[in-house]
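Good morning, and thank you for coming.

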Amino acid sequence: MSDQHANKKQTAPTEGEVEHALEHMEELPTILAEVATRSQEMIREFNERHATDPEWQATARSELNLTELVGLPETFAELTRQMMSEPEHLAKAQMKFWENGLKLLGYFNARMAGHKPEPIAQPQRGDKRFLDKDWKEDPYFDFLKQQYLLFSTWVDDLVNGADGLDPHERQKAQFFTRRLTDAMAPTNFLLTNPEALHETIETRGDNLIKGLEMAIQDMEKGRGRLNVRTTKEGAFTLGVELANTPGKVIFRNDLMELIQYTPTTDKVRKTPLLVVPPWINKFYILDLGAEKSFVRWAVEQGHTVFIISWVNPDESLKDKAFEDYLVEGPLAALDAIEQATGETQVNAIGYCIGGTLLATTLAYLADQELKGGAKNRIKSATFFTTLLDFSDVGELSVFIDDGLVGRLEEHMKDNGILYGREMASTFSLLRANDLIWSFAINSYLMGKDPRPFDILHWNSDYTNMPAAMHTYYLRHMYLENRLRVHGGIEIKGVKIDLAKIKTPSYFLATKEDHIAPWKTVYESSRLLSGPTKYVMSGSGHVGGVINPPSRNKYGYWTNSAKPNKAGAWLEGASQHPGSWWNDWNKWVTRYTGKKDQAPRKPGKGKLKALCAAPGEYVLKRSD
């Protein structure tokens, strides 16, 4: 909805305005007939291009079927059996739906008579689908909106009241029925979306033709799967608008490039900073251009910053395991940093699954130290939205059970890779209204390009997963929650025990995180034996982390006490305005040494520069 609509005083339309609107609506059948004629040729050409294309057909056949993967037919079959075995619950929910339907008819009749009754159903707070003024001002669209909301509530009631369902099956049923009702929203269809109808009449259908062109382009980009665009195509180039902090790649192996960034201060702190990002996306979420770049900001604070840029693996790396990511990732980076700077210790940051890998590395090193190996090589550890305890992973648990992991293993057996495009659809479903339907409406119904959005550009720049690593991670972490168990997993013959970690640690959670729930991050912070600081930021998994002080957004919570339960921690926490970045920097400088070292220029140590940042690995996109 435009600002003009948002601020416009809502008044009843005049008789002339109604007649004008009806005249335009009468043109709609003619416009739609013209659109259909123009569309037929586009669709015919699309079909001819791909009907006999063997590569297209092969890709379409090999695509992961998410419905089959999660066992959705079986879940809905069991839901149906449970509802039929509880006729009283079914009848009660149906009666409530009918009663609300009658109330809605009464509401509609009152509106048509010129009254202003109280709505029967209202969108939940934060629901952005019904912001256009016509959803309130026009009785027809107001009726459609409320009818849909009542239907959605009825479906929720049916699922929630099916008492005999297994808890995991119930969660799956709740999740996917909500995704189905999301898909059925009147906003998603031309004839029930007032904004799209107005645009169609105003442009005489050009919006729909452009929308079809974009849908065909997105289908071809997705190689048979509709890959809904979420940001303007071509708006960002890595090394120019994004990932543009100056630096050099100083080390490379099969799995990662190590980037060292160019100092910008006269003096730097003694202990370098190593960042371990997740390998499910590219590293530059932490280097989103000058304003949002955590990397650039950390360099400006006098840290000598190194970051791992993970490779986007192909079939040649299918046998790389979780252990290989640890050895060729953090351990190799520690050796390279020592060669480049002469420093034997670093402060380390791990983001999301990069933090899970960092904690595993810390436990491995702690075991080695206890056995008389190298002294502690990591002085402090920071964990951004990281799970070490996987007892509650929120809605992601819908996609994690033994049957699903087994089917996923079977799917990856032929080529040994889970393609990033297949996994991306799972994460998009977690926020379908925000990441799928809103953009589909904007592009395909309104015929408008999405605006440039750096975070969503990064979000669509996904990477592949080697089968060996991915199934190990799903089974041992998510499914069996073995990382939190003493000796639950083994790395290079070492039984990993998080309780051996005495490294000072800073845990950052985000309040609206749908991937690493803040309460589970709190439980994770309690698994280490060293001093820990737990901080919670506002916003979500990305927005709460990428929150530079200059923007002064969201705020964060701190509490020096560490009660047994996360809820008790929040009750006693103090809220602070702005970004947590300064709080972290104050904490980490206890372990960095003074800011009195000469700047370390990339490539001037024992390791020479291989190429300029952002390097080569980050440039390889998944198909």
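Let me begin with a term: a residue is called buried when its relative accessible area is under 20%, exposed when it is over 50%, and partly exposed in between, using a 1.4 Å probe and protein chains only. The model is predicted, so local features need pLDDT of at least 70 and side-chain atom pairs count only at pLDDT 80 or more, while totals for chains, interfaces and linings use all residues. Residues are numbered from 1 along each chain as its sequence is written, and side-chain values use heavy atoms, with hydrogens and water left out.

K282 is buried, with a relative accessible area of 2%. Which residue forms a salt bridge with K282? The partner is D461, and the closest N and O atoms are 3.0 Å apart. By salt bridge I mean a side-chain nitrogen of Lys or Arg within 4 Å of a carboxyl oxygen of Asp or Glu. D461 sits in the loop between α20 (454-459) and β9 (465-466), and K282 in the loop between β4 (273-276) and α13 (289-292), so this pair ties together parts that are 179 residues apart in sequence. Helices and strands here are DSSP runs numbered from the N terminus, helices being H or I with at least four residues and strands E with at least two. D461 also counts as buried, at 1% relative accessibility.

The whole structure contains 41 salt bridges. Another one joins K172 and E169, at 3.7 Å from N to O. Both residues belong to helix α10 (residues 167-183) and lie 3 residues apart, about one turn of the helix. K172 is buried at 3% relative accessibility, and E169 is buried at 19%.

The pair E410 and K413 meets at 2.8 Å, N to O. Here E410 is partly exposed at 48%, and K413 is exposed at 54%.

I turn now to the helix pair. Helix α17 (residues 402-412) packs against helix α21 (residues 467-479) at about 175°, their axes 10 Å apart. Axes are lines fitted to C-alpha atoms, for helices over the stretch in contact, and angles run from 0 to 180 degrees between N-to-C directions. The two helices are therefore roughly antiparallel, a term for angles over 145 degrees.

Notes:
Angles under 35 degrees count as roughly parallel, over 145 as roughly antiparallel, 65 to 115 as roughly perpendicular and the rest as oblique.
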